[in-house]
Amino acid sequence: ARYTVITTKHHDGVALWDTKAGDLSTVKSTPAGRDLIAPFVKEVRKQGLKLGFYYSLLDWSHPDYPNKTRTEVRYKNDPDRWAKFVKFNFGQLSELNKTWKPDLYWFDGDWEQTAEAWDSKGIINLLRSTNPNVIVNSRIQGYGDYATPEQGVPVVRPADKYWELCMTMNDSWGYQHADTNYKNPFMLLRTFVDCLSMGGNLLLDIGPKEDGTIPAEQIAVLKEFGRWTKKHKEAIYETRAGIPCEHFQGYTTLNKAGDILYLYLPYKPNGPIEVKGLVNKVNRVWVVGNGAMLPYKVYNKNYWSEVPGNLYIDIPERVQDEQITVIAVLLDGPIKLYRGVGQVIESN
C-alpha cells in the first residue's frame, strides 16, 4: 500500500479524535475513552504511507442537522440552525487539518445537501489555507480532485483524469460478525489489476473488530496482496492505463515512457498468448518478479501490408504466478498501435 484512509467520523457522528467542536467522540462518549486518530497517524507516518482522512459531511446525531433518520427530520427551512451545523463541520475540519495536515480528504454523505449548503468551496479554501497540497475526493459536490466509484468496477474508464475504486473484502464496510461472504484473494487481485489497466487505484476496505483486531479472513487477503504487490511492484507503481482491450485478452498497463507494455494473466494460458496490432519492434520479453526471458515470435506480417503481425509469447508453466502472472514487453520506443480493420490483397 502507498496510502491509507481512516474514518475520522462517519454518518453516526462519533468523532474518533478528541474533538472540541462537538460532544460526541471516542474520548467522551465510548468505552474506548481515548483518541484513536493520533496513534494511527503516528504509525502511518512512521511507515512512510500517505495519510488520508474520511469525513462524513452529514451527521445524523448532531442536534442542528436536519435529517435525524431516513424518515424523521428535526426541522425544515431554518437558516440559523443550519448555519450552526455548517460552523460545526468547519470546526471539526479545522481541527483535523491543523493537528495532522493529512495528504488526502475522503468526504462522504454529500448527497443530502447542495454544494452551496455545505459551502463546499469554503471547505476547500479552509483546508488548503494551511494544507495547500491536500488532495480531495469527488464527494463534495463538484469540488474534488478525483472520482470514487464504489464496489462495482467500472466497465469503461471513468471520464475523470484520476480515479479510485473503493471496495470491501466481503459485503460490509464495518465489521459484521455474520458477514462471511468474503471474496478470495484472486478475485480481489483481479479487481486490482482491472483498476490498474484503466489508470485507477484500489482503496481496499479493512473492517477491524470491536477490540481492534483484524479478522483472519482479511489478514489472509492482505498477506496475499503483500506477496503479489512486492513481487510485481514494477508493473504497479509508476504505471498508467494500458492499451485497448481489443489488442490483448487480459489486462494491461504501460510504464511512464510508454515503451514497456505489461500484460496481466488472470488465467492459465492454453498455449502462447497473443498481442494484436503492435506496430513496434519488440526488443525483449520477460516475466515480472521472476526475470526469466521468454521466447516470442511475430506471425502474419506481410511486406505488402501496413497491418502489423500478431505477437505470440510462450509462457512456460514453471514461471507462472499462482494468482496472476505478469509479462513485460520492451518495445523499441513509445507504443504504437494499429487500429484499422485489416487489408485485402489487391491484384490486377
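What follows goes from a set of strands to the cysteines and then to the salt bridges.

Keep in mind as you look around that this is a predicted model. Strand β1, residues 3-9, pairs with β2 in the parallel sense over six bridges, and tyrosine 3 stands opposite lysine 50 in β2. Strand β3, residues 104-108, also pairs with β2 in the parallel sense, here over five bridges. To find your place along that pairing, look for serine 56, which stands opposite aspartate 108 in β3. Now follow the chain through helix α3, residues 79-100: β2, α3 and β3 together make a right-handed β-α-β unit.

On to the cysteines. How many disulfides does the count come to? It comes to zero. Take cysteine 166: the nearest cysteine sulfur belongs to cysteine 195 and is 10 Å away, while a disulfide would need the two sulfurs within 2.5 Å. Seen from the other end, cysteine 195 is in no disulfide either, with the sulfur of cysteine 166 as its nearest.

Salt bridges are another matter, with 13 found across the whole structure. One of them joins lysine 20 to aspartate 18, with the closest N and O atoms 3.2 Å apart. Lysine 20 is exposed at 63% relative accessible area, whereas aspartate 18 is partly exposed at 28%. Another brings together the side chains of glutamate 72 and lysine 68, at 3.9 Å from N to O. Here glutamate 72 is partly exposed at 39%, and lysine 68 is partly exposed at 40%.

Then there's the bridge between lysine 256 and glutamate 238, at 3.2 Å from N to O. This pair links distant parts of the chain, 18 residues apart. Lysine 256 sits in the loop between β8 (251-255) and β9 (260-265), and glutamate 238 in the loop between α7 (216-231) and β7 (239-241). Lysine 256 is exposed at 62% relative accessibility, and glutamate 238 is exposed at 51%.

For a last stop, which residues are linked in a network of salt bridges? They are Glu224, Arg227, Lys231, Asp321 and Glu322.

Methods
Residues are numbered from 1 along each chain as its sequence is written. This is a predicted model: local features need pLDDT of at least 70, side-chain atom pairs count only at pLDDT 80 or more; totals for chains, interfaces and linings use all residues. Side-chain values use heavy atoms; hydrogens and water are left out. Two strands pair if DSSP finds at least two bridges between them. Helices (H or I, at least four residues) and strands (E, at least two) are DSSP runs, numbered from the N terminus. A crossover is right-handed if, with the strands pointing away from the viewer, the path from the first strand over the helix to the second runs clockwise. A salt bridge is a side-chain nitrogen of Lys or Arg within 4 Å of a carboxyl oxygen of Asp or Glu. Buried means under 20% relative accessible area, exposed over 50%, partly exposed in between (1.4 Å probe, protein chains only).
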